[in-house]
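Hi,

Here is the structure I promised to pass on to you. Have a look at it first, and then read my notes below.

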Amino acid sequence: MKLRDVVRLSAGVRTEHIFSRGGALPIWFYALAVLVLVGLAVETVRVYEASSLQNALAHPAEIEIDDDTPPLLVFAKARSLEQSGEREEAIRLYGSLAKTEDPDLRERALHNLATGYLREGAALWHSRGVLEYSRVNTLVELAKDNYREVLRLNPGNAGARHNLEYAYRITPPPREKPKADFQGRKASIFATLPGLPGGGP
């Protein structure tokens, strides 16, 4: 008997064993088939989602943001807006990622958020100067808060440390109080106090 005949014979025995009970397949065969089909369906969904994510990341300007948008796509959209000069909307989206559960993404979002505040503050200071003192000071303080949070998450973030030092350097000095321009003489002070006669001691 040749080897090919032995293989055919053994395959026939296995097939005969499977179909030996009245021609019906055993229950485990159906269970196995269902498991295989479920596994294929899950894998197909994963491949589709990964493909959709890659496609969206390749064209971040076309991403539509809603409550169900994955954080990674929100970050990509924010970066796209930032690069196209829409800094306020980019800051809003970065701020929405401040509580995301992914620590790496949260660190990157907070870093970009702080940088956005710092750029806004610097632009205002250079264009309007002391006229926008309050807004500039608020933006720089927000930048410092976010850089400190980045360093709390990752003390080794050299970029955040450098930018935090820069934020401290460009913090506007405290606004000077207006000098008293009182020009009166001592006698006139007593003259204005209630209960003292004019021209007191």
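**What I found**

Let's start with helix 2, which is where you'll find Leu37. Leu37 is exposed, since its relative accessibility is 59% and the cut-off for exposed is over 50%. Which residues form a nonpolar patch on the surface together with Leu37? They are Ile27, Trp28, Phe29, Tyr30, Leu32, Val36 and Leu40, and with Leu37 they have about 870 Å² of accessible area together. Keep in mind, by the way, that this is a predicted model.

**The whole protein**

Now zoom out. The protein has eight helices and zero strands, so if you follow the elements from the N terminus on, you read α-α-α-α-α-α-α-α. There are 201 residues, and buried ones make up 26% of them. The accessible surface comes to about 14,800 Å², with 59% of that belonging to carbon and sulfur atoms. As for contacts, take those between residues at least 6 apart in sequence: 45% of them join residues at least 24 apart.

**A charged patch and a buried serine**

Where does Asp66 sit? Look at the loop between helix 2 (27–58) and helix 3 (71–83). Asp66 has a relative accessible area of 46%, which makes it partly exposed.

Move on to helix 3 and find Ser80. Is Ser80 buried or exposed? It counts as buried, because its relative accessibility is 15% and buried means under 20%. If you leave out residues up to four places away in sequence, Ser80 touches Pro60 and Ala61.

**Salt bridges**

Side chains of opposite charge can pair when their charged atoms come close. How many salt bridges does the count come to? The count is seven, and here are three that you can look up yourself.

- Arg119 pairs with Glu82, and the closest N and O atoms are 3.1 Å apart. This pair links distant parts of the chain, with Arg119 in helix 5 and Glu82 in helix 3, 37 residues apart. Arg119 is partly exposed, at a relative accessible area of 45%.
- Glu120 meets Arg87 in a salt bridge of 3.0 Å, N to O. Distant parts of the chain are linked here too: Glu120 is in helix 5 and Arg87 in helix 4 (residues 87–96), 33 residues apart. Glu120 counts as buried at 15% relative accessibility, whereas Arg87 counts as partly exposed at 32%.
- Asp104 and Arg108 form a salt bridge at 3.9 Å, N to O. Both lie in helix 5, four residues apart, which is about one turn of the helix. Asp104 is partly exposed with a relative accessible area of 43%, and Arg108 counts as partly exposed at 38% relative accessibility.

**One more stop in helix 5**

While you are in helix 5 (residues 103–128), click on Arg106. What does Arg106 contact, leaving aside its neighbours within four places in sequence? The list is Leu97, Ala98, Lys99, Thr100, Glu101 and Leu153. Try the distance tool on Arg106 and Gly95 as well: they are eleven residues apart in sequence, and from C-alpha to C-alpha they are 9.6 Å apart in space.

Cheers

Key:
Residues are numbered from 1 along each chain as its sequence is written. This is a predicted model: local features need pLDDT of at least 70, side-chain atom pairs count only at pLDDT 80 or more; totals for chains, interfaces and linings use all residues. Side-chain values use heavy atoms; hydrogens and water are left out. Helices (H or I, at least four residues) and strands (E, at least two) are DSSP runs, numbered from the N terminus. Buried means under 20% relative accessible area, exposed over 50%, partly exposed in between (1.4 Å probe, protein chains only). Patches are made of residues with over 30% relative accessible area and no salt bridge: like charges are joined within 9 Å, nonpolar side chains (Val, Leu, Ile, Met, Phe, Trp, Tyr) within 5 Å. Accessible areas come from the Shrake-Rupley method with a 1.4 Å probe; for residues, only the protein chains shown count as cover. A salt bridge is a side-chain nitrogen of Lys or Arg within 4 Å of a carboxyl oxygen of Asp or Glu. Contact means heavy atoms within 4.5 Å.
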